[in-house]
Amino acid sequence: MHRAWWVALAAALTIVVAGAFTTLSGVLVTPLHGAFGWSRATIGVAVSVNMVLYGLTAPFAAALMDRFGIRRTALAALAVVATGALLTTVMNAPWQFTLFWGLLVGLGSGAMAMTFAATVTQRWFVRGRGLVTGILTAAGVFGQFVFLPVLSWLTERHGWRPALVSVALAALVLLPLVRLLLRDHPADGGLKPYGGAEFVPRPAPAPGAARRTVRVLLDTARTGPFWLLAGVFAVCGASTNGIMWSHFTPAAHDHGMAVTTASSLLALIGICNVTGTIGSGWLTDRYDPRRLLAGCFVLRGISLVLLPMLMAATPGPPLVVFAVFFGLLDVATVPPVIALCREFYGADSAIVFGWVNAAHQLGAGLMAGLGGVIRDTFGTYDPVWVASGALCAMAALLALVIRGRPAAGRENYAEEPCNPSGVT
């Protein structure tokens, strides 16, 4: 077996653990409200900080991986999220929740996010990049549906602190395995990238990681595709992490549904995420990523608009069908967006995708905070679902006008020349 697959395995396990942290926020809302009397809006502030930093960390993490290596960056990120989760168990004030959960966990999990997957894929794979990207992206949602029911059960039976300790221990246990399996570059072992025809020398460490990250942003901000991709991904974050993973559980609880039942539905969405994301990666290797994006957003928007009519104390077949359908679409947007970043921005594509992902988390953070405010103001989440559906329709239109040649049959977009000058 090519060493690239062992590296992909280590990366996948790291992303699985990071996925557990991203969905725990929704499980914490109700117990923290009951334990401390904090409003949902107050809790939403910390969740928003977590999501925004999750996104803003990503482009700098990509540059840090170029400077210090993938393995060192991943090990540091695992240590930071474990520390943040453990400190959260001893908090007693909202500002501490914002500091420990919002800042530390947001920074650490952001370093293990989708740019981590993009960097590993770009360095270690030439053939089937879209498929591997889909697999690594699916690893994040796999972590969500593996951990979420267990964490919900722990929270309901034993309180929210044991749930936090569990994810912290998972991160600490993974440290030696990542150190053993993860490698920075194929050239370290005298290997070619998987599917590559030529040996690729390891580039020299790039100094000034922060400066390079900002420079890439300033350069790409002059191009039309960057802003269109950022806008599309901001809507993606708002309509997934921002509302589904942060507010679906408390919204279902408002309709009388048990927290464990709501978490099981989210777990079902996570299971279907795996199929949807891997399938999206396979399709991205063969078809125009813009059309894939547009189709995903249209179908996602329709499902979100219908969701308020499906909510009930006991989930019926229509709500289960929604969970399956939404799960297939949830993270299916990631492989085509990464492919478009490669097409337009080549060697800097991982950092560019990090900035695009920052827009994703900015949208998620805004929706997470706004969702709590709307619930406190109107007593229902229904307006948020409808607004999210409308945003998805706008994102579908934006996806279609990104300039780029048809991607059918192309596996490596970065190798194709293009003109990132604007939109059609």
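At what angle do helix H12 (residues 289-306) and helix H14 (residues 334-345) pack, and how far apart are their axes?

A: Happy to! Please keep in mind that this is a predicted model. Helix H12, which covers residues 289-306, packs with helix H14, residues 334-345, at an angle of about 150 degrees, and their axes are 9 Å apart. Angles over 145 degrees count as roughly antiparallel, and that makes H12 roughly antiparallel to H14. As for handedness, H12 passes H14 in a left-handed crossing. On the H12 side, the contact is made by Pro289, Arg290 and Leu293. H14 answers with Pro336, Val337, Ala339 and Leu340. Sorted by class, this contact of H12 with H14 has six nonpolar residues, one charged residue and no polar ones.

Now for helix H4, which spans residues 94-111. Helix H1, made of residues 3-36, has an axis that comes within 10 Å of the H4 axis, and the two cross at roughly 160 degrees. That makes H1 roughly antiparallel to H4. H1 passes H4 in a left-handed crossing. From H1, the residues Ala18, Phe21, Leu24, Ser25, Leu28 and Leu32 meet Phe97, Trp101, Val105 and Ser109 in H4. By class, that contact has eight nonpolar and two polar residues, with no charged ones.

H4 also meets helix H3, residues 70-88: their axes come within 8 Å and cross at roughly 160 degrees. That makes H3 roughly antiparallel to H4, and the crossing of H3 and H4 is left-handed. H3 brings Ala77, Val80, Val81, Gly84, Ala85, Leu87 and Thr88 to the contact. Facing them in H4 are Phe97, Phe100, Trp101, Leu104, Val105, Gly108, Ser109 and Ala111. The class count for H3 with H4 is eleven nonpolar, four polar and no charged residues.

Finally, let's step back to the domains. The domain assignment of the protein gives domain 1 as residues 1-187 and domain 2 as residues 215-404. Their contact takes 47 residues from domain 1 and 45 residues from domain 2. The C-alpha centres of domain 1 and domain 2 lie 18 Å apart. Between domain 1 and domain 2, the buried area is about 3700 Å², and carbon and sulfur atoms give 71% of that area.

Key
Residues are numbered from 1 along each chain as its sequence is written. This is a predicted model: local features need pLDDT of at least 70, side-chain atom pairs count only at pLDDT 80 or more; totals for chains, interfaces and linings use all residues. Side-chain values use heavy atoms; hydrogens and water are left out. Axes are lines fitted to C-alpha atoms, for helices over the stretch in contact, and angles run from 0 to 180 degrees between N-to-C directions. Helices (H or I, at least four residues) and strands (E, at least two) are DSSP runs, numbered from the N terminus. Angles under 35 degrees count as roughly parallel, over 145 as roughly antiparallel, 65 to 115 as roughly perpendicular and the rest as oblique. A crossing is left-handed if the near helix is turned anticlockwise from the far one by less than a right angle, and right-handed if clockwise. Contact means heavy atoms within 4.5 Å. Ala, Val, Leu, Ile, Met, Phe, Trp, Tyr, Cys and Pro count as nonpolar, Asp, Glu, Lys and Arg as charged, and the others, Gly among them, as polar. Domain bounds come from an automatic or database domain assignment. Buried area is the accessible area (1.4 Å probe) that two parts lose on being put together, summed over both.
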